[in-house]
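Hello,

The structure we discussed is below.

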Amino acid sequence: MSNASSPEPAKPASLTRRVAKAGSWSIVQVLGINLLRLCSNLIMTRLLVPEAFGLMAMVSMLIAGFQLFTDIGINRSVSREPDGDQDHFLRVAWMVKIGRGSMIASGVLTAAILLWFLAPAYAPAGTVYADPDLPFLIALSALVPLMMGFDSTTRELAQRRLQMQYPAVLEICSQIITIAAMVTFASFNPTVWALMAGMLVGAALKVVSTHCFFPGPRMAFVWDREIADRLWRYGKWLMGSSIFTFFAVNAEKMLLGGFLDSTTFGIFIIAVLWVDAGLGVIVRLADGVGFPVISEVMRTRPEDAPRLYRKLQTGIDAICLMAFLTLFLGGQLLIDTLYTPVYQIAGAYLGILALRFLAIRFDTVNGLIMNTGNSRAMMLISGLRAVWVCIALPVAFLYVNFTAALLVVALVPMFTVPSSLWLVRPYLGTKLVSFDVLWYVLTLIVAGFVYANAPPLA
């Protein structure tokens, strides 16, 4: 088996030009996907009842959870390892992905069986956990991670090389076909199973496309213990971090799913969908462009990393501020214009959840920590964040009000910011970190203003 790397362009463009091109394609991808997703949501809310969206949110959350529980950062290893672009490395990484996908599918299926046995006795009546369709939806969804495990690592190779046009085209095309599948199925059976049909069709299309559409080596079943050990050494702490990140990010769904009735929870998910649409742009730029760019600079000229990081962060800050103002000032108008009256309260939820955009900008600091190879620190930071949200959210909901609970959801990333800034201070210097501290303080002040002026929520 050849160990030669997949051929790079003979004369690669400058880093600045590649970053601009990759950033443009990343924005096209995220905006295109989210526009299609939101259009799909508007269509499906007229075909399905709110409870359907709460059910699928639980299914998606469970799959995401198992993915994070087993995440050893293969995409990040391909970006940061010196031989991450070599055919042999990519094929071994693909074998690891297949094993991981099989593990996730087994875990999802086990969760479905446990829920089927336990929910009738322990799930609060009327909540999403008590819905009799949920165990069967989860069981069928096990096919999604099983298929995704066979995704070619040429996808990760494209990210390393900043060739973001390939994942952009793939994701947009698959989203279009997913929507078509959901609408077609819903025309015959207007239930939550239409959403599941779209999920399965989209996953199958992506797997095939990564092998046929992306440039790079053909995948093959090979093994190399040394490469696998390297993936594990870097990823073992990242896996712990991902587990805690799952609880930090999804605690609101897990906990509020047990506190709220099915209809209110479904409306909450609609509000979260709009917030996630904006967050997707930021995360895509940070992970899909920022991380591989910083990785390349730290491999080749580490002295320039702080300056480049600040330039990237400035662009993300502008996007975060604009997104916050848009949803805070126009969220209610957005919901009133696009949705039926039953979803009107989602506009009030958006006004509070918009604070997430001011808080999420600090996740790029965590990306810098991972670029230094300190995945152990990221595990500890994620653990602290998970503990905080799992304590603060129930206390806010049960002893204050739903508004306070939404405020906790919005500000989840803020709790560990001081620890993150302390860790990156040696790399960025006191001057650059001081600006981050100022943003942190101002965000807390704005959060107090939003809470004081929020309408009462049921």
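Buried here stands for under 20% relative accessible area, exposed for over 50%, and partly exposed for what lies in between, with a 1.4 Å probe and protein chains only. This is a predicted model, in which local features need pLDDT of at least 70 and side-chain atom pairs pLDDT 80 or more, while totals for chains, interfaces and linings use all residues. Residues are numbered from 1 along each chain, and side-chain values use heavy atoms, without hydrogens and water.

Aromatic rings

Rings of Phe, Tyr and Trp (its six-membered ring) pair if their centres lie within 6.5 Å; planes under 30 degrees apart are stacked, over 60 edge-to-face, the rest tilted. The count is 14 aromatic pairs. One of them, Trp 94 with Phe 221, is tilted, at 5.1 Å between centres and 45° between planes. These two residues are 127 residues apart in the chain. Trp 94 is buried at 5% relative accessibility, whereas Phe 221 is exposed at 61%.

Phe 324 and Phe 328 are stacked, because their centres are 5.5 Å apart and their planes at 10°. Phe 324 is buried at 6%; Phe 328 is partly exposed at 28%. Ring pairs also join Phe 259, Tyr 349, Phe 397 and Phe 402 into a cluster.

Charge over rings

A charge sits over a ring if NZ of Lys or CZ of Arg is within 6 Å of the ring centre and within 35 degrees of the ring normal. The charged end of Arg 361 sits over the ring of Phe 362, 4.6 Å from its centre, and over that of Trp 439, at 4.9 Å.

Regards

Technical notes. Helices (H or I, at least four residues) and strands (E, at least two) are DSSP runs, numbered from the N terminus.
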